[in-house]
Structures are given as C-alpha cells and as structure tokens.
Amino acid sequence: FYIAYKYTSTIAAAALWRVDEINIDETGLSLPKNFINVGQTMAGTNSSSKSFQFTMTGLTGNLQLNAPTPFQISKDNISFTNSISYNAAASGIPQTVYTRISPLVANKVYRDSIIFLYNGNQTKNKQYILGTSLPDDKTLRVAHWNMKWFGEPSWCNCDTAIARANASMMLKDLDADIYCIQEMVNINQLSMLTNALGAHYDYAVSPFCSGVTNPASGFYLTCQKLAYIYNTNKIQNLGTVGLLSSTYPADSTGYYCFSSGRFPFIMKAKLLLANGASDTIIFANIHAKASDTQTDYDRRKCATEKMTDSLNALFPNTKVMVIGDYNDYLEGSTVGVNLTPYKYLLDNGFTGITLPSLYPGHSTFVGSINHMIDNIVCKQNLVNKYVDSSYFIFTESAKYISDFSNTTSDHYASMSYYNFTFPTSLYNYNKNEKYSFSIQNPSSNLLKIFNKNTEVKNVELKIYDISGKIILNRKLILQTPYTSINTDISSKGLFFVEIINNSFKGVQKWIIE
C-alpha cells in the first residue's frame with residue numbers, strides 16, 4: 001500500500017514542511033480487558049488461576065507472551081511457564097491464557113504486566129496483572145476512591161448506569177476488604193454497586209454532608225456523602241459517627257473548617273482474622289475542603305487540628321487510619337506554601353503512607369502530575385502493620401475503561417495492604433547484651449520499667465497479649481532509674497513488653513494481677 005502526505009499552499013502564503021520519525025506498527029492484537037487480579041497465595045505455593053483472552057488478527061509471524069516472575073502463564077491451565085508463543089495458525093481465533101502467581105518471597109505485593117512480542121519486537125499491548133504472597137486470613141486490603149458525584153447525572157455529567165458498571169468492574173478487580181468512598185451521592189446506586197460485589201458485602205453512608213446535618217434535609221439526597229463498602233466476612237461494623245458533628249452548633253469551628261459540615265465519617269471496625277483472632281481499627285474517612293486559595297488552606301489546617309485532637313482524645317491506644325480525599329499534599333501544599341495543612345496531624349502521633357517524596361511524579365487526580373491529594377495517614381501502631389511498598393494508585397483502570405475521566409471519575413482509586421500476622425512465641429531476650437531493662441512483676445496495669453543506661457532514652461514500646469496481639473504501641477523517652485506508664489489494660493494475666501531503638505531490642509514477661 002502507499003502513504004501520501006499532501007500540503008496545499010495559498011496564494012497569500014506558503015511554508016516548508018518536513019515529515020519524519022514515521023513509524024508503522026503491525027500489532028493486530030485485541031485485548032478485551034487488559035487487567036487481571038490473580039489474588040493471594042502463600043510463598044512457596046501456587047494461586048488459583050485466572051484467565052484472559054486476546055485475538056491476533058492478520059499476523060503471520062511469531063507472537064510471544066512473557067510473564068514476569070513470580071507470575072506464570074499457560075495455554076491449557078495445566079502446564080505453567082513464564083513464556084508462551086503462537087504462530088499464524090492462531091490468527092483470527094480468540095485465545096485463552098491462564099495466569100497465576102507462584103511467589104517465593106512472603107508478604108509482598110506484585111503489580112506488573114505481561115508483555116507481547118511480535119517477531120521479537122515488543123508491541124504496545126500489555127496485560128496488567130496484580131497478585132500477592134500475603135495470607136488472606138491475616139491481611140486487610142484497603143481501597144479509597146473519590147467517585148465524582150456518583151449516581152448524580154447532572155453533576156457528574158455522565159451516564160450513571162455506565163459509571164456504576166465501570167465502578168463495579170474496578171472494585172471487583174481491586175478485591176478490597178473495605179472501600180472508603182468520597183463523593184457518593186445516590187444511595188440506591190450505592191446499594192446496587194454493593195450488591196454487584198456479592199452477598200457478603202454491605203455499606204454504610206454518612207448522614208451529613210456540606211450544608212446538611214441530617215438526612216431529613218431536602219438537599220441530602222443530592223449532596224456528596226462519605227461512605228464505606230466492606231466485606232462482612234472480614235469486617236464487622238461496630239458503629240459509625242460523624243467526628244465533631246455533636247459539637248455543632250454550639251461550636252461551629254469544626255463545621256466551618258470541614259467544608260460546612262462534611263465531618264470525618266468514622267467507622268469502628270472489628271477485623272476478623274485467622275483462628276478466631278481479631279483487631280479493632282478506627283477508619284476516619286475524610287473529604288477535606290477543596291480549592292487552592294489561602295482561605296481553603298486555612299480551613300484544611302484548622303480542620304486537621306480539630307480532627308487530630310479529637311481522634312487522640314477518643315482513641316488514644318486504638319489503631320486509627322485517616323483516609324480519603326485530602327484535597328492537598330502531605331508535603332507542601334497546592335497553595336504553594338512549604339508546609340502541608342496536615343502538619344499538626346503528622347506531628348501528633350500519625351505517619352503518612354502516601355508522602356509525595358515517596359511517589360515522585362505520581363498523581364491521584366486524572367490528567368495531572370505530582371498531585372497526590374488522596375492520602376492515607378495512620379497511627380504508628382497501624383503503620384507497623386502496613387506492608388512495605390504495597391500502596392499503589394490504580395492507574396490501570398484508565399487503560400481498560402474507555403474515556404475514564406468522563407465516564408467514571410476524575411480521581412484514581414488507590415489500594416494498600418496491612419498484615420496482621422502475630423508472633424507465635426515471645427520470650428525474654430536482649431539483642432544487645434550490653435544493655436538490658438527490667439520491669440516490676442507482678443503489678444497492676446501501671447507498668448514500671450527500670451532503666452540504668454542513660455544512653456538509651458528514645459524507644460518504641462510494644463505490649464503483646466498471650467496470643468501475640470499488640471495491644472499497646474507508643475514512642476516514649478525512658479527515664480532513669482525507672483519510668484511509670486499507665487497502660488489502661490483492664491484484663492489480668494501474662495503479657496510481654498518489648499522495647500526497641502536503633503541499637504537495642506528486648507522483650508520481658510509482665511504479669512498483671
């Protein structure tokens with residue numbers, strides 16, 4: 001065939017044009033959906049397989065599929081390897097490929113892609129793939145997403161049925177245990193979305209939003225609400241509440257700072273784990289004041305201060321996660337100042353997982369760069385459960401959902417993993433024999449730590465119960481000759497006290513009578 005380039009000048013003007021860097025790409029590949037989540041399996045085992053299809057049309061050479069380790073692929077769902085190939089005989093016939101994960105390293109999240117090579121040259125086609133070597137019954141999978149006026153056609157400027165179908169596909173692909181949602185509007189649409197995930201999912205919706213303090217308001221049905229969708233096999237909802245909502249109207253500061261009543265939506269969640277074990281997590285789902293004027297920044301800042309003080313007062317020893325649309329960065333600000341409006345949160349017992357410096361160039365807002373405005377911040381006792389490097393922004397959704405920003409959302413969903421594998425044995429030991437500590441035994445719930453070494457001061461303290469579950473985790477400065485700590489532990493029995501710093505790690509038994 002022939003390719004021609006035609007340029008027509010006018011009688012008034014003409015120009016010299018040069019056409020170069022021309023590429024002709026012979027792919028001929030069709031991937032109906034190029035994302036697959038193969039799920040979780042223990043290191044040293046194979047996951048169940050998932051399948052996808054592709055069609056090669058008009059290709060006469062060799063097509064090769066390569067899967068990165070630890071993923072494997074197969075034509076027959078029996079023999080798995082890292083590479084399979086097809087010749088011209090497969091052209092025009094839909095081909096089914098089975099894939100699984102076969103990890104050797106425990107407690108890791110793998111997010112990669114299967115590539116296609118035609119006659120040895122890599123094509124633009126990719127099959128995105130996700131899998132983990134985390135134990136399912138000891139893992140919490142958390143997703144969060146601003147859904148862009150979900151279920152409200154006049155404001156999302158979209159077909160809500162298409163938006164719901166796309167959202168259903170995305171949430172199934174992520175396979176989270178809890179989805180923390182912002183900008184949910186239509187509760188009936190949310191109910192249908194939840195039902196599409198399966199009978200073991202349920203939802204909870206905030207009874208407030210900007211300018212609305214209760215569902216009786218006529219504006220409630222069409223306003224942006226906060227919501228949770230959660231897997232009831234893994235999470236028991238122990239109750240929800242609007243943080244600071246009870247202070248209004250006597251104190252209007254929290255109301256004003258949280259975008260005129262868009263209070264943090266709190267869920268107290270009991271996490272159901274293996275062998276009857278459990279843990280408790282406080283989720284604080286937020287949708288902070290938007291826009292980038294100084295006034296907006298100041299409102300986010302004062303909201304942070306009110307929220308932080310309230311969370312620390314109400315849940316001093318409980319695992320807490322503040323998650324959602326922060327509408328600003330955890331380092332710097334969209335306003336252009338050096339300090340994040342969330343500095344008070346980060347300075348008072350909370351640690352950011354989604355720091356922009358850890359994810360340079362990444363964005364949670366579609367079509368932008370270096371724009372991490374949807375974030376996760378946790379108390380240290382929950383950060384300890386976070387699986388290192390497991391957080392990711394689900395940009396793959398825009399690659400398999402057509403016109404994503406207009407049909408579905410202007411934000412990407414994000415995902416992170418938390419591992420609740422408790423120690424199976426704890427005993428008295430000291431990693432550094434030059435230093436040891438002792439505690440008063442037996443005692444009440446007032447823990448007395450004897451410390452003779454003046455060089456060991458800044459430490460992390462953990463207290464475990466007999467099952468190995470962490471029931472207290474805090475940073476402290478050890479005094480000499482001893483430090484007393486009121487632990488508020490109400491039960492009696494055997495516990496284990498662990499002290500850690502850069503040069504020392506030790507555990508001692510502690511009996512509460």
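A patch is built from residues with over 30% relative accessible area and no salt bridge, with nonpolar side chains (Val, Leu, Ile, Met, Phe, Trp, Tyr) joined within 5 Å and like charges within 9 Å. A salt bridge here is a side-chain nitrogen of Lys or Arg within 4 Å of a carboxyl oxygen of Asp or Glu. In this predicted model, local features need pLDDT of at least 70 and side-chain atom pairs 80 or more, while totals for chains, interfaces and linings use all residues. Residues are numbered from 1 along each chain, and side-chain values use heavy atoms, leaving out hydrogens and water.

Let us start with F1, I3, Y5, V19 and I22, which make a nonpolar surface patch of about 620 Å². V19 sits in the segment before strand 1 (29–30) and is partly exposed, at 49% relative accessible area (buried is under 20%, exposed over 50%, partly exposed in between, with a 1.4 Å probe and protein chains only).

## Helix 2

At its start, a side-chain oxygen of D159 comes within 3.0 Å of the backbone nitrogen of A161. Just after the helix, D175 has a positive phi of about 55°.

## Aromatic rings

There are 20 aromatic pairs (ring centres within 6.5 Å; planes under 30 degrees apart are stacked, over 60 edge-to-face, the rest tilted). F208 and F265 are edge-to-face, because their centres are 6.1 Å apart and their planes at 80°. Both residues, F208 and F265, are buried.

How values were computed: Areas by Shrake-Rupley, 256 points an atom, 1.4 Å probe, with all protein chains shown as cover. Helix = DSSP H or I, 4+ residues; strand = E, 2+ residues; numbered from the N terminus. Polar contact = N/O pair within 3.5 Å; in protein donor to acceptor, adjacent residues only side chain to side chain. Phe/Tyr/Trp six-rings, centres within 6.5 Å; stacked < 30°, edge-to-face > 60°.
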